[in-house]
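Thanks for coming, everyone. Take a look before I start.

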Amino acid sequence: MYSELNTSNRILMGPGPSDAHPRVLKAMATPLIGHLDPEFVTIMDEVKTMVQKTFITKNHLTFVVSAPGSAGMETCLVNLLEPGDEVIICINGVFGARMAEIAERCGASVHKIEKNWGSVVTAQDVKKVLDICPKPKLLALVHAETSTGALQPLKDISDLVHNAGGLFMVDAVTSYCGVELKVDEWGIDAIYTGTQKCLSAPPGLSPVSFSDRAIKALENRKTKVQSWFLDLSLVKNYWGGAKRAYHHTAPVSSIYALRESLRIVLEEGLENRWKRHQEIHQVLKTKLETLGFKYLVEEQYRLPNLNSVFLPDGNDEALIRSKLLNDYNIEVGGGLGAFAGKIWRIGIMGESCTLNHVNMLISALEDMDEFSN
């Protein structure tokens, strides 16, 4: 016999998920209806409109993939790439490397711009690779690299890619609804994100959007998309048009939660939300540096909502992180790849981006005998 589900009430300050608003949890408990029910179709239309508003785009092909952010990444790449296409992938952390892996599986010829983790890709880096690959099908990069906390400037690179005749693809999983992001103004042709970070919805969905330029590339494909489930020529007919074509059974309760989390974002206002993340970051930064923490990323490229920091010398990061979780119910993230065991990744995202969260973390560290500064 299994006991009733009863998880700990954690304070989520890792790289995701973030705390969910009680309104979002309540929305998930709304009674189920069919995924082709006229009422659910109306909900899908509302979600699509709100995703367009939060991406700041008028792209018609904007919808939500029924799977987490990595499926959004794959949706963009498998639909836009065909065997033999030349692409440029920027890698400065885990998720750029993942994009390169998927592009290679699509049969594309991948030109990599590889930078040290914690740094960003510059326009000069892109110009150099364009000398080698002057006509790329697309260039893809990560706006906010979750493995390092680096925030990548986009506009100059977008202009370079378009001047070369290529498409510009962006991973916005950790930046969406937390820092400035303007899809149309910055000329982003394909973008995907997740729901569990600054949006503070449950994980498991991936909003995506495609420009008219990207749609033209889709229409000019010579081969079938290698994934049936992620093939936009099929799934777009479920999210658009007067008559919805059955494609798959949508995760109804997750869509309810997403709708409510988007409502909360729009009630606060995007610019207010961006400002809140920056202001709380400044408070956290001051308090962490007072305790002896040091940041991985240069300040001008620092992501406010994902803080990657080295602990003061002499501290056992895994021990202290475990004590935070088990004794104080506070979750922070450890490092990935080359930074495993060396840094913490402290998230202040969405509903977890409050002064209370910052003060709880700092108070716990000051209270802990195992931590020294």
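First, a working rule: I call something a salt bridge when a side-chain nitrogen of Lys or Arg is within 4 Å of a carboxyl oxygen of Asp or Glu. And keep in mind that this is a predicted model. By that rule, the count comes to 19 salt bridges.

Let me start with a pair. Lysine 182 and glutamate 180 meet through their side chains in a salt bridge, at 3.2 Å from N to O. Buried or exposed, what is lysine 182? Lysine 182 has 18% relative accessibility. The cut-off for buried is under 20%. So lysine 182 counts as buried. Glutamate 180, its partner, has 39% relative accessibility and counts as partly exposed.

Look at α10, residues 270–290. Lysine 275 and glutamate 279 both lie there, four residues apart. That is about one turn of the helix. The two form a salt bridge, with the closest N and O atoms 3.9 Å apart. Glutamate 279 is partly exposed, at 44% relative accessibility.

Now helix α11, residues 317–328. Here arginine 321 pairs with glutamate 317 in a salt bridge, 2.9 Å from N to O. Why are these two separated by about one helical turn? Because they sit four residues apart in α11. Glutamate 317 is buried, with a relative accessible area of 8%. Arginine 321, at 24%, counts as partly exposed.

There is also a network. Arg23, Glu260, Arg263 and Glu267 are linked by salt bridges.

On to the sheet. Which strands make it up, and in what order? Seven strands, in an open sheet with mixed pairing: β2-β10-β9-β8-β5-β3-β4. At the edges are β2, residues 61–65, and β4, each pairing on one side only. On average, neighbouring strands of this sheet are turned by 15° against each other, direction ignored.

Zoom in on one pairing. Strand β9, residues 190–192, runs antiparallel to strand β10, residues 206–210, and three bridges join them. Tyrosine 192 has valine 208 in β10 as its bridge partner.

Two helices go with these strands. Helix α3, residues 69–80, lies across β2, β5, β8, β9 and β10. Its direction is at about 160° to β9. Helix α6, residues 155–163, packs on the sheet and touches β5 and β8. Against β8, the direction of α6 makes about 145°.

Stay on α6 for a moment, since one of its residues is serine 158. Serine 158 counts as buried, at 1% relative accessibility. What does serine 158 touch, leaving out residues up to four places away in sequence? Phe168, Trp186 and Gly187.

The one to follow is β12, residues 306–310. β12 is mostly covered, with four of its five residues buried. Two bridges join β12 to strand β11, residues 294–295, and the two run antiparallel. β12 also pairs with strand β15, residues 343–347, in the antiparallel sense, over five bridges. Valine 309 shows up in both pairings. It is the bridge partner of tyrosine 295, and its own bridge partner in β15 is tryptophan 344.

Next, a cysteine, for anyone who thinks about labelling. Where is cysteine 106? In the loop between α4, residues 94–105, and β4, residues 109–114. Cysteine 106 is buried, with a relative accessible area of 7%. Leaving aside neighbours within four places in sequence, cysteine 106 is in contact with Leu77, Val78, Leu81, Glu82, Pro83 and Gln226. For a distance across the model, take cysteine 106 and serine 200. They are 94 residues apart along the chain, and their C-alpha atoms are separated by 32 Å.

Last stop, the surface. Trp228, Phe229 and Leu234 form a nonpolar patch there. Together they have about 300 Å² of accessible area. Phenylalanine 229 lies in the loop between α7, residues 212–219, and α8, residues 232–239. At 33% relative accessibility, phenylalanine 229 counts as partly exposed.

That's my tour. Over to you.

Key. Residues numbered from 1 in each chain as written. Predicted model: local features only at pLDDT ≥ 70, side-chain atom pairs only at ≥ 80, totals over all residues. Heavy atoms only, no water. Buried < 20%, exposed > 50% of the residue type's maximum accessible area, 1.4 Å probe, protein only. Contact = heavy atoms within 4.5 Å. Pairing = 2+ DSSP bridges. Axes fitted to C-alpha atoms, helices over the stretch in contact; angles between N-to-C directions. Patch = residues over 30% accessible without salt bridge, like charges linked within 9 Å, V, L, I, M, F, W, Y side chains within 5 Å. Areas by Shrake-Rupley, 256 points an atom, 1.4 Å probe, with all protein chains shown as cover.
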